[in-house]
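Please look through the structure below with this short report beside it. The headings mark the topics in turn.

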Amino acid sequence: MVGVSLRQLCAKSLVAVVLLAAAWAAAGVAPFTPAAYLAMFLAVVAVAFAGSKGLASWLAHGGPLRRRARPAPRPEHAGQVSFVPVLPWLLIVATAAGLEAAGLVLGGRSSRLPTLSTVVDNLLAWHVTRWIAFLAWAWLGIAGIGRWWGVPDAGRSEQGTG
Amino acid sequence: MPGEIAWSLLAALAGCWELCCRRSRGRYPSLAKVCGAISTRLPGQIVLGVVWAFAGVHLFARYGFAPR
């Protein structure tokens with residue numbers, strides 16, 4: 001029992017080290033090169049694969065062609081958010097969009113009003129900060145895709161076909 | 001410089017509002033909850049996925065300088 005858990009721990013640690021090293025390598029590629037595009041393509045595919053633990057189960061149950069004899073019961077207003085409480089977020093997004101548009105009008109790299117990309121670019125000039133940003137971006141993708149296509153969705157499809 | 005200050009203020013405002021939302025016990029939705037509500041339908045999932053992929057490609061492949 002202890003041997004199995006130790007083996008699992010070693011395997012997980014090895015996977016984590018390999019992923020961190022791969023992220024380090026991907027974050028170190030110079031932009032605008034074929035290697036940069038290849039690294040990002042592989043990263044998107046790897047994140048989609050890592051996040052979709054239930055995707056294989058979903059496909060095994062028919063994927064998009066599966067028959068839904070009975071739609072999964074959804075509580076009323078489940079996952080819905082009313083408009084007024086979201087208004088502050090909309091204002092923040094609208095302000096960001098306005099700043100971005102003004103920055104683009106001024107040429108993108110204006111010293112008075114740079115775009116968000118240019119501001120972030122100053123933070124991404126170092127390999128370490130680029131690596132941390134890359135890991136944060138990948139984690140966001142894994143968390144999002146895992147929530148959409150993860151195990152709960154596969155369970156719901158089983159309910160729907162049953 | 002004014003632009004950097006404006007962006008920093010906006011980021012700080014978003015961070016403060018996120019904290020307020022998390023302390024409001026569901027009265028105001030956090031950013032994660034808003035994204036969760038958007039992603040309850042397939043079009044929302046596609047939009048969020050495209051935004052995520054675009055952000056990655058834009059930041060790490062199509063913008064900036066070679067890292068030091």
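## Where the two chains meet

Across the interface of chain B and chain A, seven residue pairs are found in polar contact, with both residues of each pair at pLDDT 80 or more, a confidence value that applies here because this is a predicted model. On the side of chain B that touches chain A, the helices α1, α2 and α3 (42-60) each supply at least two residues. The count of salt bridges between chain B and chain A, by contrast, is zero.

The size of an interface is often given as the accessible area lost when the parts come together. For chain B and chain A this buried area is about 4,100 Å², and 69% of it lies on carbon and sulfur atoms. Within chain B, the residues that lose the most area to chain A are Trp7(B), Trp52(B) and Phe60(B), which together account for 24% of what that side buries. Counted by residues, 44 of chain B are in contact with 49 of chain A.

## A buried threonine in chain A

Thr115(A) sits in the loop between α4 and α5 (116-123) of chain A, and it counts as buried because its relative accessibility is 3%, which falls under the 20% cut-off. The side chain of Thr115(A) is joined to that of Thr118(A) by a polar contact of 3.1 Å.

Which residues does Thr115(A) contact, leaving aside its neighbours within four places in sequence? In chain A they are Glu100(A), Gly103(A), Leu104(A) and Gly108(A), and in chain B they are Trp7(B) and Tyr63(B). Trp7(B), as noted above, is among the residues of chain B that lose the most area to chain A.

## Two loop residues with positive phi

Phe32(A), which is found in the loop between α1 (2-27) and α2 (34-51) of chain A, has a phi near 70°, a positive value in a residue other than glycine. With a relative accessibility of 48%, Phe32(A) counts as partly exposed.

In chain B, Arg25(B) lies in the loop between α1 (2-23) and α2 (31-38), and its phi, near 55°, is likewise positive in a residue other than glycine. Arg25(B) is exposed, because its relative accessible area of 81% is over 50%.

Phe83(A), Val84(A), Leu87(A), Leu90(A) and Leu91(A) make a nonpolar surface patch of about 500 Å². One of these residues, Leu87(A), is found in helix α4 (residues 83-105) of chain A, and at 35% relative accessibility Leu87(A) counts as partly exposed.

Note on methods. Residues numbered from 1 in each chain as written. Chains lettered and ligands numbered in written order. Heavy atoms only, no water. Patch = residues over 30% accessible without salt bridge, like charges linked within 9 Å, V, L, I, M, F, W, Y side chains within 5 Å. Areas by Shrake-Rupley, 256 points an atom, 1.4 Å probe, with all protein chains shown as cover. Salt bridge = Lys/Arg side-chain N within 4 Å of Asp/Glu carboxyl O. Helix = DSSP H or I, 4+ residues; strand = E, 2+ residues; numbered from the N terminus. Buried < 20%, exposed > 50% of the residue type's maximum accessible area, 1.4 Å probe, protein only. Polar contact = N/O pair within 3.5 Å; in protein donor to acceptor, adjacent residues only side chain to side chain. Contact = heavy atoms within 4.5 Å. Buried area = accessible area lost by both parts, 1.4 Å probe.
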